[in-house]
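Colleague: I'd like to learn how to read a model like this one, feature by feature. Could you walk me through it?

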Amino acid sequence: MYRQFYLIADFFYKDFTGGAELNDFSLMDQFRKSGIEVQEVYCRDVTIEFLSQNQEANFIVANFVALSSEIKQHMIENNRYVIYEHDHKYLKKRNPIFYKDFVAPQAELANIDFFKNARATICLTQLALEVFKKNTGLENVDKVGASVWRDEDLDYLVELSNACEKNGLAAIMDSSNPIKKRDQCISFCQKNKISFDLISDRNHRNFLQKLSSYDKLIFMTGHLETCCRIIVEAKMLNCEVITQQRLIGACSEEWFKLNGTELIEEIRKVSKNSVSVFMRYFNE
């Protein structure tokens, strides 16, 4: 019997272009292309009645800050769910960077029962998986092996990668988000006499087109990045990436040594395989 699939999240790609939201959007696209429709449900709209009416459904739970304790407990006791882990919700501060070796004290852990009773927690990369296991002690964990991209977006990156002419400059994301460390990137370039531009665009494809003309991406972070899409996209566009590698999940994967179209095609394989990673925990 075919089971209904739902993806539960705080926000979706139609709300704003965050990395987690773009990842979820791309994952749902991969599910659809494999013949499985996945319906979006906001955390704020999940009720006990809804869960009770869908006890036979498969749930993928992405970012779930707005999911109440009552709802999480009901899912533990009654529903089939996998957690798609983007940003360390097993920690109260949601950032392992604050702790030695990325391991938090027991008092700083959060949502452990919710993770423990999931069919699995699916992480993005090996670094994310290892840090999750070190903190939680749980073994019901797996990984996709990267963020997920849509084929159409990878095709666009192929076009840019083949067409771009480099301008000899470094690019820095012009973001006011303190986690993105724009000022630290600027200071790094000034100290090392690297010529740079600040770049931004609300339209992600326009941003990628701008980035494709640069020699380098300077990216610093105040967060342990479970993958970091922008770094992977920069490498797809044949940009040299200067970053704190120990904080970047993408750097823990074998494919990180690749660049350009070779990297794009490897990420295409990982993205296509993402559905099978989830389905191994839903198939009877």
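Colleague: Which residues is L211 in contact with, leaving aside its neighbours within four places in sequence?

Modeller: Contact here means heavy atoms within 4.5 Å. With those neighbours within four places set aside, L211 touches A171, I199, L217, I230, A234, L237 and C239. Bear in mind that this is a predicted model, where local features need pLDDT of at least 70, side-chain atom pairs count only at pLDDT 80 or more, and totals for chains, interfaces and linings use all residues. Residues are numbered from 1 along each chain as its sequence is written, and side-chain values use heavy atoms, with hydrogens and water left out.

Colleague: How many residues has the largest nonpolar core?

Modeller: A nonpolar core is a set of buried Ala, Val, Leu, Ile, Met, Phe, Trp, Tyr and Cys residues joined through side-chain atoms within 4.5 Å. Buried is under 20% relative accessible area, exposed is over 50%, and partly exposed lies in between (1.4 Å probe, protein chains only). The largest one here has 59 residues, and F31 and L211 have the most contacts inside it. Helix α10 (residues 260-279) supplies the largest share of this core, eight residues. Another core, of 35 residues, lies apart from it and includes V61, Y81, L91 and L109.

Colleague: And the sheet: in what order do the six strands come?

Modeller: Strands of a sheet pair through backbone hydrogen bonds, either parallel or antiparallel. Helices (H or I, at least four residues) and strands (E, at least two) are DSSP runs, numbered from the N terminus, and two strands pair if DSSP finds at least two bridges between them. Here you get an open sheet ordered β2-β1-β3-β4-β5-β6, with parallel pairing. β2 (38-42) and β6 (141-143) are at the edges with a single partner strand each, so one side of each has no neighbour in the sheet. Strand β1 (residues 5-9) pairs with β2 in the parallel sense over five bridges, and F5 sits opposite V38 in β2.

Colleague: Where is C227 found, and is it buried or exposed?

Modeller: C227 is in the loop between β9 (216-218) and α9 (229-236). C227 is buried, at a relative accessible area of 1%. Leaving out neighbours within four places in sequence, C227 has contacts that include L124, T125, V232 and I248. As for α9 itself, eight of its eight residues are buried, among them R229, E233 and K235. N238 follows α9 and has a positive phi, near 65 degrees.

Colleague: Last one: which helix gives the most to the lining of the largest pocket?

Modeller: That's α1, with five residues. α1 (19-33), α8 (204-211) and α9 each supply at least two lining residues. On a 1 Å grid over the protein atoms alone, a pocket is an open set of points where a 1.4 Å probe fits, with protein on both sides within 12 Å along at least five of seven lines, and lining residues have an atom within 4 Å of a point. Of the 40 residues lining this pocket, T17, G18, G19, M173 and K180 are the closest to its centre.
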